[in-house]
Structure formats: C-alpha cells, structure tokens
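The following note sets out some points on the model shown here. Please read them beside the sequence and the coordinates.

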Amino acid sequence: MKIFTTNNSTAMADAEFDIYDCYSPPLEQEVFACADETVTGYDGGTWAFHSNGTVGYWVPQGEAAYSVACPGNYFEHPAMDAESLGVALTLLAINRQIWWLHAQGRDFDKLARAQEKLRDFAYADDSTLNTNAIYGFLD
C-alpha cells in the first residue's frame with residue numbers, strides 16, 4: 001500500500017484520479033464531512049490517501065484511534081483505529097456520492113465499481129482492518 005500525504009499532493013491527486021476517474025475534491029470533502037458527523041470532537045486535521053493502485057481511501061493522521069458515534073444507526077466505538085475508520089468514512093462518502101449522481105441522472109458505474117473493490121479489500125479474509133467496526137459503522 002502506498003501512502004500519499006499533502007506533502008506530495010500532486011502524486012496524491014494522480015492516485016485519486018487513477019482510482020476514481022476524477023480529481024476528487026468533492027469526494028475528499030465528503031469524507032471530511034462524514035468525519036465531522038461521526039468522529040467525536042473532530043475539528044479538521046491532516047489526512048493521507050492510501051492506495052495500492054486498485055483501491056484507495058483517506059486516513060486521518062495524528063491519532064492511532066478515534067472515538068466514533070453514528071447517530072443514524074446508534075453505532076459507537078470508543079477507539080476505532082485510524083485505518084479502519086478511514087476505509088469506513090471513504091465507503092460512506094462514496095455511497096453518498098453515488099446517490100447524488102443517481103439523483104442527478106448521471107453515470108456512477110465507475111464509482112460503484114471502486115466502492116465494490118474497496119469493500120472487498122476491507123472484508124478480505126487476510127485483511128488487517130477491524131471489519132466488525134467497519135460493518136457496524138456502515139450498518
């Protein structure tokens with residue numbers, strides 16, 4: 001997995017484009033908005049984009065774990081690890097973008113395929129992510 005930070009923002013934008021077929025400020029901003037809604041005490045911060053060339057997701061930097069509460073589904077986790085949280089936030093943001101594109105009558109096939117790949121990556125048998133926390137977050 002290659003990690004892109006704001007220090008190499010051009011490379012990060014190119015990696016995002018390769019996966020999501022667009023430069024993704026709207027998607028990236030949606031990830032931040034999802035964090036604002038679900039991460040206790042979130043007030044912005046530094047993020048990195050993790051990519052293996054097939055899947056990609058944003059990960060908050062600075063803390064090893066975050067307190068999470070999802071009011072819509074009553075999920076709470078006092079210490080969700082940053083990597084799993086980043087995958088969950090990215091999947092939620094992609095879902096919101098797909099619904100927005102659908103409502104606009106626009107094509108969302110590539111974004112849906114990217115969502116499926118990220119979900120498969122997260123739930124793979126050899127995943128080191130906290131899949132139970134991701135499931136609970138997205139439920």
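Two strands are said to pair if DSSP finds at least two bridges between them; helices (H or I, at least four residues) and strands (E, at least two) are DSSP runs, numbered from the N terminus. The model is predicted: local features need pLDDT of at least 70, side-chain atom pairs count only at pLDDT 80 or more, and totals for chains, interfaces and linings use all residues. Residues are numbered from 1 along each chain as its sequence is written, and side-chain values use heavy atoms, with hydrogens and water left out.

1. The hairpin. Strands β2 (residues 47-51) and β3 (residues 56-60) pair in the antiparallel sense over five bridges. Within this pairing, F49 stands opposite W58 in β3. Four residues separate the two strands of the hairpin, and G53 in the turn has a positive phi of about 95°.

2. Cover of β2. Five of the five residues of β2 are buried (under 20% relative accessible area; exposed is over 50%, partly exposed in between; 1.4 Å probe, protein chains only). W47, F49 and S51 lie on one side of the strand and A48 and H50 on the other, so both faces are covered.

3. Helix α4. Buried residues of α4 are L111, A112, A114, Q115, L118 and A122. Seen down the axis, these residues fall within an arc of 160°, and they therefore line one face of the helix; the arc is that of the directions from the helix axis to the C-beta atoms.

4. The core. A nonpolar core is a set of buried Ala, Val, Leu, Ile, Met, Phe, Trp, Tyr and Cys residues joined through side-chain atoms within 4.5 Å. The largest one here has 38 residues, and Y20, M80 and F137 have the most contacts inside it. Its largest share, 10 residues, comes from helix α3 (residues 82-103).

5. Aromatic pairs. Rings of Phe, Tyr and Trp (its six-membered ring) pair if their centres lie within 6.5 Å; planes under 30 degrees apart count as stacked, over 60 as edge-to-face and the rest as tilted. The structure holds six such pairs. Y123 and Y135 are stacked, at 4.2 Å centre to centre with 5° between the planes. Because Y123 lies in the loop between α4 and α5 (131-138) and Y135 in α5, the pair ties together parts 12 residues apart in sequence.
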